[in-house]
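Here are a few notes to read alongside the model. They go through the side-chain contacts one kind at a time.

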Amino acid sequence: QVQVEESGGGTVQSGGSLRLTCTASGTIFSVDDMGWYRQAPGKERELVASISRSLTAQYADSVKGRFTISRDNAKSVTLQMNSLKPEDTAVYYCNVLWTHNAWGQGTLVTVSS
């Protein structure tokens, strides 16, 4: 069984920063991609950033230059979010991809104007 644990959400003022961390545990021998998605009220879940096992990162256009994803180790990833905007408000979900796929329970990020 695989567990995906997220931490670091919260409330911050516009222009502030937050750091999200995700760690996978359980029976995973080799993790491929790890990524962060978000879902705002009334909207579909969208990719924010992802990073491959070879450390290739990709970002949504809306967060380029503000967010940075990094791979802490084979099963842990961090999303550093700077210059946050109210439109970044959403529930952020971590996704872990290996031979299967698993999601975290989500962590709420609220950016006030």
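1. A salt bridge here is a side-chain nitrogen of Lys or Arg within 4 Å of a carboxyl oxygen of Asp or Glu. By this rule there are five salt bridges. One of them pairs Lys64 with Asp61, with the closest N and O atoms 3.1 Å apart. Lys64 and Asp61 are both exposed, where exposed means over 50% relative accessible area, buried under 20% and partly exposed in between (1.4 Å probe, protein chains only).

2. Before going further, please keep in mind that this is a predicted model: local features need pLDDT of at least 70, side-chain atom pairs count only at pLDDT 80 or more, and totals for chains, interfaces and linings use all residues. Residues are numbered from 1 along each chain as its sequence is written, and side-chain values use heavy atoms, with hydrogens and water left out.

3. Now look at Asp88. Its side chain meets that of Arg66 in a salt bridge (2.7 Å, N to O). Asp88 lies in the loop between strand 8 and strand 9, and Arg66 in the loop between strand 6 (57-59) and strand 7 (67-73), so the pair ties together parts 22 residues apart in sequence. Strands (E, at least two residues) and helices (H or I, at least four) are DSSP runs, numbered from the N terminus. Asp88 and Arg66 are both buried. Salt bridges that share partners join Arg38, Glu46, Arg66 and Asp88 into one network.

4. Asp88 also forms a salt bridge with Arg38, the closest N and O atoms being 3.0 Å apart. Arg38 is buried, as is Asp88.

5. Which cysteines does the disulfide join? Cys22 is joined to Cys94, S to S 2.0 Å, a disulfide being a pair of cysteine sulfur atoms within 2.5 Å. Cys22 lies in strand 3 (residues 18-26) and Cys94 in strand 9 (residues 90-97), so parts 72 residues apart in sequence are tied together. The torsion about the S-S bond is about -80°, so this disulfide is left-handed. Cys22 is buried, at 0% relative accessible area, and Cys94 is buried at 0% too.

6. Finally, Arg45 deserves a look. Arg45 lies over the face of Tyr93, 3.7 Å from the ring centre, and its charged end sits over the ring of Trp103, 4.6 Å from the centre. A charge sits over a ring if NZ of Lys or CZ of Arg is within 6 Å of the ring centre and within 35 degrees of the ring normal. Trp103 is partly exposed, at 36% relative accessibility.
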